[in-house]
Amino acid sequence: MNNQNAAFFKNLKAQVNKHQFTVGISDLAKTTGVSQTQLRYWEQKGYIHSQKVTEKNTVHRFSYGTLMRVHFIKAMLDEGFTLAAAAQRATEQSTQMEMMRIFATNAFQGVEERDGHHMINLGYFDEAHTQNLYVYIIGNEPHYRVYPKK
């Protein structure tokens, strides 16, 4: 990974860890597949929350946690749950979502080219810190490899 990419990923990781990673409603809609109208309704009902930033107009910014919550609610809706039931399940699953956030921000060590694949370095594989775990994607399927620490 070149120095520019390494700096970008380090900064992104720091922002997510500080819960400063936010997206606007249009990016949230694109990322999750939930329309902006639906997101506004969910916010009005109290199922999701935004941070309001006042510039010329009030801008709603959504945290990483909210992005994960929207993904979860949408998955529950796709399985046939009502919005209220999906939101309730999302609340119940908040511990697991926080665990996923911690994993994503701590395990991600960067993207590297190895053996002809772009691989995500997921950090140490063993307690002795002698091996690293990598994942790469082929056809929407993850493949894992363990390499000696560089």
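Reader: Happy to start with a charge and a ring: how far is Arg 114 from the ring centre of Tyr 134?

Author: This is a predicted model, in which local features need pLDDT of at least 70, side-chain atom pairs count only at pLDDT 80 or more, and totals for chains, interfaces and linings use all residues. Residues are numbered from 1 along each chain as its sequence is written, and side-chain values use heavy atoms, with hydrogens and water left out. A charge sits over a ring if NZ of Lys or CZ of Arg is within 6 Å of the ring centre and within 35 degrees of the ring normal. Arg 114 lies over the face of Tyr 134, and the distance to the ring centre is 4.9 Å.

Reader: What kind of aromatic pair do Tyr 134 and Tyr 147 form?

Author: The structure holds one aromatic pair (ring centres of Phe, Tyr or Trp, its six-membered ring, within 6.5 Å; planes under 30 degrees apart are stacked, over 60 edge-to-face, the rest tilted). With 5.3 Å centre to centre and 80° between the planes, Tyr 134 and Tyr 147 are edge-to-face.

Reader: Nice. Are Tyr 134 and Tyr 147 buried or exposed?

Author: Buried means under 20% relative accessible area, exposed over 50%, and partly exposed in between (1.4 Å probe, protein chains only). Tyr 134 and Tyr 147 are both buried.
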